[in-house]
Amino acid sequence: MKLPRRRFLHLAAGLAALPALPRLAEAQAYPTRPIKLIAPFPAGGSIDLTARLIGQWLTERLGQQLVIENRSGAAGNIGSEAALNSSSDGYTLLLCSVANAISATLYDKLNYNFRDVAPVSAITRAPIVLLVNPTFAPKTVPEFIAYAKANPDRINYASAGVGGSFHLSGELFKAMAGVRLVHVPYRGAAPGLTDLIGGQVQAMFVDTPPSIEHIKSGKVRALAVTTATRSELLPELPTVADFVPGYEASVWNGVCAPKGTPAEIVERLNREINAGLADPKLKGRLAEMGAWPLPGSPADAGKLINDEIEKWAKVIRSGNIKPE
């Protein structure tokens, strides 16, 4: 029996669609089992704390346990590789951050492609603070810049490590303010802050959680925040952009999924995360960390990722920055 061509094509199209039906049904029923959210940095840091806050919220909203797995190492790349190379079924997610945007250019060879992920949602943005030793003469950003120009390579600034967001914030400041500073990398923020307090270095770029108590106690002097707007935790501080127009740097994070994750799953997760970012209790917990929510669509999260990759790529290339 010979089928008419139109009938044959119709049947062929129907057969081709059959493999997609179980996947569509699974996406519509999602989630039916626990979900793993990989936090690619050690427990106790801001990435881990954000993961646990959003994980608890999603557990309650989705009706399935969201399990946080800390898989640290290689500037977050070990955990990121594990998450983004996993099955694209929505059951393994990544708490992504500015570190991923930096690594996309900083490392020549990565076993995952952060430029090609399924963005789910941004979560928070938080400022970095420009700190100086309290005995250091400059008391404002203009004074700091003037001192640096009059004394090139005489200001040592600390960071939590080569290629991190604190280091690159300093390099962006150098380029935009037209000053020469000497970078002194440490293995983490704590030892850098210790040497800043002790006067071994004169300045430091660092986020608010490890530095807020030192600022309040007067052990360090805060000159400005690096975000485009002021911080609610430190409302008296100006922004660097008040004196260096166009300057902006921040630590941000969000949720990403492996490429190919069904749109229905991405939209469901995005909707529930945005509901959390509007919840007063969760917003309050994030504010205690010095962060503010970044609600938006998956497309908004994708734009943030692409913009940040391009921004830090320029800083890395112009400064010829290489990983340790």
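Colleague: Is Tyr30 buried or exposed?

Modeller: This is a predicted model, where local features need pLDDT of at least 70, side-chain atom pairs count only at pLDDT 80 or more, and totals for chains, interfaces and linings use all residues. Residues are numbered from 1 along each chain as its sequence is written, and side-chain values use heavy atoms, without hydrogens and water. Buried means under 20% relative accessible area, exposed over 50%, partly exposed in between (1.4 Å probe, protein chains only). Tyr30 has 3% relative accessibility, so Tyr30 counts as buried.

Colleague: Which geometry class does the aromatic pair of Tyr30 and Tyr91 have?

Modeller: Rings of Phe, Tyr and Trp (its six-membered ring) pair if their centres lie within 6.5 Å; planes under 30 degrees apart are stacked, over 60 edge-to-face, the rest tilted. Tyr30 and Tyr91 lie 5.1 Å centre to centre, with 65° between the planes. The pair is edge-to-face.

Colleague: What is the angle between the planes of Phe136 and Phe144?

Modeller: Both Phe136 and Phe144 are buried. They form an edge-to-face pair, 6.2 Å centre to centre. The angle between the planes is 70°.

Colleague: Which residues form one aromatic cluster?

Modeller: The structure holds seven aromatic pairs. One cluster is formed by Phe136, Phe144, Tyr147, Tyr157, Phe173, Phe205 and Tyr247.
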